[in-house]
Amino acid sequence: MSTPAAAVIGAGPAGLKAAEVLAAGSVPVTVFEKMPSPARKFLMAGRGGLNLTHSEPPEAFLSRYGHAADWLRGRIGTLGPQDLRAWSAMLGQPTFEGSSGRVFPESFKASPLLRAWLRQLDQLGVRLETRKQWTGWTNGSALSFSDGSVFKPAVTVLALGGASWPRLGADGSWVGLLRARGVRVSDLRASNAGISVAWSQQTVQRFAGQPLKRIALTVGGETVAGEAMISQAGLEGGAVYALSRWLREAADAATDGSFEVCLDLKPGMDAEQLAGRLAKVARKQSLSNRLRKGAGLSPQAISVWRDFTPQVPADDLALAHSIKAVSLSATGIQPLDRAISSAGGIALDELDEALMLTRLPGVFACGEMLDWDAPTGGYLLQACFATGDAAGRGALAWLEHNRMEQS
Ligand SMILES: Cc1cc2nc3c(=O)[nH]c(=O)nc-3n(C[C@H](O)[C@H](O)[C@H](O)COP(=O)(O)OP(=O)(O)OC[C@H]3O[C@@H](n4cnc5c(N)ncnc54)[C@H](O)[C@@H]3O)c2cc1C
């Protein structure tokens, strides 16, 4: 094949969005993807309902990105949640807002949206080269691939993703390639991952796969209310994922490998109210019945409480306190290959306003490769689309600037 003017590496949502912007600007663009088909993680994201973005107000929305919130402000301003919803509708996939404010395509899936998008990209003239693994740069700064081919496009957009679920394509092997070029990249670490908890046999056998509803978790002074899921290995789900940053800090600080996560099984009530409810159930009833009838705990919540409450408190108030502060001993965070996303990546100050790597002129980067992080809730895809859009625009402007310089 001939060398394209623009090369995008990685056919996930960030790379495909950058390619769309470049092609819409009449630039011949080829997307190089190492897997046999594009956007495998995007398709996987659609399995349990594709949470495309979130409908909360802009400031609350941006705050989800922690240290990267200010940096992302401009990018998400250009392609915000409403724009993403309009884009999805334009591709024949209108969206709806769930009760939690999360936004999904009406089909709930990723595959119809991806099919329509790939058709649109094809009509725009985007070439997609699959089974094409980028391996770095030659001495002459051309892009090299595992099949021995070499291209030197006028502009390159890197969109290789993070390192979670590596079997879907993104495995973080680009980290060494960029570090070798002097780009600062922080280690990729598990985000939106479960925690390991040594449950009793009874909890695992009877309740793995069952939710703990209306709970709150606290670690490192940060509390998140929501829902979590008991798994064979520990605890996962929204409330756990939203604490990713604090859980990583606690795991790093742990000297003996374990750290404490406080579980409130009745966050909607203070201990005195709860004690009052418990007091209404006759003491001669079994403890399980008192917890079920008095505190309204589910069987799985009672099992978890038993696992981490070695001595049954003597009075109702102490019992209430123990329900509101179950001290889970977590033995780690589940590994990157089972995490939903990865934190870490290219330091944001390695990029200019247009998302070009300042040390590598003509090379742009976007998506999960960059050092921003967010909980689940549509924030991950929103930032991937927004930065893909920004990198595509940056690459277009770079090409235009160079064309003017040469003419
Ligand atoms: C189970 C699961 C559910 C999720 N659900 C949601 C959700 O509902 N909402 C949400 O917002 N986010 C969700 N996410 C996260 C979201 O899917 C990712 O954040 C997003 O896909 C990242 O986009 P990206 O384009 O940066 O990278 P990726 O989607 O990972 O794409 C990178 C592409 O680059 C390719 N590549 C890597 N290395 C090379 C190379 N050397 N040469 C060529 N190609 C290469 C990969 O094969 C891959 O196709 C979910 C993730 C998982 C795992």
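This is a predicted model: local features need pLDDT of at least 70, side-chain atom pairs count only at pLDDT 80 or more; totals for chains, interfaces and linings use all residues.
Residues are numbered from 1 along each chain as its sequence is written. Local features need pLDDT of at least 70 and side-chain atom pairs count only at pLDDT 80 or more, while totals for chains, interfaces and linings use all residues; side-chain values use heavy atoms, with hydrogens and water left out.

The shell around the ligand holds 31 residues, of which Glu33, Asn51, Trp134, Glu368 and Leu381 come nearest (a residue is near if one of its heavy atoms lies within 4 Å). By class, the shell comprises 17 nonpolar, nine polar and five charged residues (Ala, Val, Leu, Ile, Met, Phe, Trp, Tyr, Cys and Pro count as nonpolar, Asp, Glu, Lys and Arg as charged, and the others, Gly among them, as polar). At least two shell residues come from each of the helices H1 (13–24), H2 (40–45) and H15 (379–406) (helices are DSSP runs of H or I with at least four residues, numbered from the N terminus).

A side-chain N or O atom of glutamate 368 lies 2.5 Å from a ligand oxygen. The protein covers 95% of the 1,000 Å² of accessible area that the ligand has on its own (Shrake-Rupley method, 1.4 Å probe).

In helix H6 (residues 111–123), Pro112, Leu113, Leu114, Ala116, Trp117, Gln120 and Leu121 are buried (under 20% relative accessible area, 1.4 Å probe, protein chains only). The elements covering these buried residues include H1, H2, H5 (81–90) and H15. Glycine 125, which follows H6, has a positive phi near 95°.

Definitions and conventions
A polar contact is a pair of N or O atoms within 3.5 Å; within protein, one must be able to donate a hydrogen and the other to accept it, and residues adjacent in sequence count only if both atoms are side-chain atoms. Buried means under 20% relative accessible area, exposed over 50%, partly exposed in between (1.4 Å probe, protein chains only). Contact means heavy atoms within 4.5 Å.
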